[in-house]
Amino acid sequence: MDIRAALKEGMARLRAAQIPSHTLAAEMLLMHALERDRAWIYGHPEEFLDSPTAEKFLALIARRVAGEPVQYLTGKQEFWGLEFEVTPAVLIPRPETEHVMEVALARLGERGIKIHMDTGAPRETLRVADVGTGSGCLAVALAWELPHAEVFATDISAPALEVARRNAARNGVADRIHLVQCDLLTGLEKTDPSSVGARQALPASTQNGPLFDLIVSNPPYIAREEAAQLQREVRDHEPHAALFGGATGVEMYQRLIDQARDLLRDRGILVLELGHDSAEHVRGIFDAQPAWTKVAVTMDLAGIPRVLAAERAR
Ligand SMILES: C[S@@+](CC[C@H](N)C(=O)[O-])C[C@H]1O[C@@H](n2cnc3c(N)ncnc32)[C@H](O)[C@@H]1O
C-alpha cells in the first residue's frame with residue numbers, strides 16, 4: 001500500500017463510521033504512524049508503507065473509529081502555539097481556553113506588564129496560579145509568555161500533574177512552575193492549617209503566604225446530568241474529574257472565587273473559563289462580593305460568554 005492508497009483507505013473507514021473531520025484525522029494518524037509531517041506525506045504519494053507501519057496506521061484508524069480522540073492516539077495537541085503531550089489522564093486543551101490566555105495577558109498589559117518583558121533589569125517576580133492545570137497548558141503558556149513569572153499549578157489528579165510536569169520540561173519552563181496536588185487552591189492557602197504539608201513543599205520564597213498577581217482557571221464545569229448529551233469521544237475518553245463540576249456544573253466556582261479573593265494581591269486578577277450556560281450564575285457570585293471590581297465577560301468565537309475576568313479591589 002502506498003501513501004495515497006493508505007490515506008484514501010483511512011479516510012473511507014473514518015467517513016463510513018461518521019467520524020467528524022475524517023480527512024484531517026486520517027492525515028494526522030498517518031503523519032503519526034510515519035513520523036513525518038504533512039508536507040512530506042503529500043510530497044511522496046507513491047512511497048510504500050512497510051507492513052508494520054501500514055498495520056500501525058490501520059490500527060490507529062480502528063481506534064479512532066471506536067471513538068478514541070485523535071489527540072490521545074498521537075499523544076499531542078497544540079495550545080497557544082506550543083506543543084503539549086496529552087494522555088487520557090488530562091483534558092485535551094481546547095481552542096476556547098486560549099481566550100483565558102488572551103484575557104489574562106490583556107489585563108496584565110493594562111497594568112503595564114507586557115509579554116516577553118525581560119529587559120534584564122531586576123524586577124519583582126510576578127506570581128501566577130493555574131487551578132486545575134491538567135496538561136499544564138495554561139500554566140506553561142503563561143510561564144512561556146511571562147519570563148519573570150513564577151507559576152503555581154494545582155490539580156487534584158496526580159497523573160495529570162505528571163503530564164503537566166513533562167509539558168513544563170518540554171517547553172523549557174520547568175524551573176518556574178511549581179506543581180501542587182491539592183483541592184483547588186487549598187494547598188496554597190495561608191490561613192488553612194491543613195495546608196502546612198503542601199506549603200512545606202513550596203519554595204522558601206512563598207513560605208509567608210503566596211499572594212498572587214494573577215489566578216487563572218478552567219475548572220470542570222459540565223453538569224453531570226448533561227453527560228448523556230456529550231460527544232462519546234469526550235464522555236468515554238476524557239477524565240471525568242476534568243469534565244464534571246457537579247450536578248449542575250457550576251459547583252466549583254463559588255469555592256474557587258472565595259479562595260482566590262483571599263489569595264490575590266490588591267488589584268490582583270482572576271480569570272475564569274465559563275461553561276456554556278454558567279455566565280449568569282458566576283457573575284452573580286462576583287456581584288455579591290464587594291471584594292471585586294472590573295468584572296467583565298468575554299465571548300468566544302461562537303458568541304458564547306466564555307471567560308470572566310475580575311480584579312481584587314484594594
Ligand atoms: C477542565 S480541566 C482543565 C485542564 C487544563 N487547565 C485545560 O484548560 O485544558 C479541569 C482540571 O481540574 C482538575 N480538578 C478537578 N477538580 C479539582 C479540584 N477540586 N481541585 C483541583 N483540581 C481539580 C481536573 O483534574 C482537571 O485537570
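Analyst: Let us begin with strand pairing. Two strands pair if DSSP finds at least two bridges between them; helices (H or I, at least four residues) and strands (E, at least two) are DSSP runs, numbered from the N terminus. In strand E9, Ile269 is the bridge partner of Leu214. This is a predicted model, in which local features need pLDDT of at least 70, side-chain atom pairs count only at pLDDT 80 or more, and totals for chains, interfaces and linings use all residues. Residues are numbered from 1 along each chain as its sequence is written, and side-chain values use heavy atoms, with hydrogens and water left out.

User: Which way do E6 and strand E9 (residues 264-273) run, and how many bridges join them?

Analyst: E6 and E9 run parallel and are joined by five bridges. E6 also pairs with strand E3 (residues 126-131), in the parallel sense and over four bridges. There, Ile215 of E6 is the bridge partner of Ala129.

User: How many residues of strand E6 (residues 212-217) are buried?

Analyst: Buried means under 20% relative accessible area, exposed over 50%, and partly exposed in between (1.4 Å probe, protein chains only). Six of the six residues of E6 are buried.

User: Why does Asp213 count as buried, and what does its side chain touch?

Analyst: Asp213, which lies in E6, counts as buried because its relative accessibility is 12%. A polar contact is a pair of N or O atoms within 3.5 Å; within protein, one must be able to donate a hydrogen and the other to accept it, and residues adjacent in sequence count only if both atoms are side-chain atoms. The side chain of Asp213 makes such a contact with the side chain of Arg265, at 2.8 Å. A polar atom of the Asp213 side chain also lies 2.6 Å from the backbone nitrogen of Arg127.

User: What is the volume of the largest pocket, and which element gives the most to its lining?

Analyst: On a 1 Å grid over the protein atoms alone, a pocket is an open set of points where a 1.4 Å probe fits, with protein on both sides within 12 Å along at least five of seven lines; lining residues have an atom within 4 Å of a point. Grid points are joined across faces, edges and corners, and a volume is the space filled by probe spheres set on the points. The largest pocket has a volume of about 1,200 Å³. Among its 44 lining residues, Gln71, Gln77, Ile92, Pro93 and Arg94 are the closest to its centre. Helix H2 (22-34) gives the most to this lining, with five residues.
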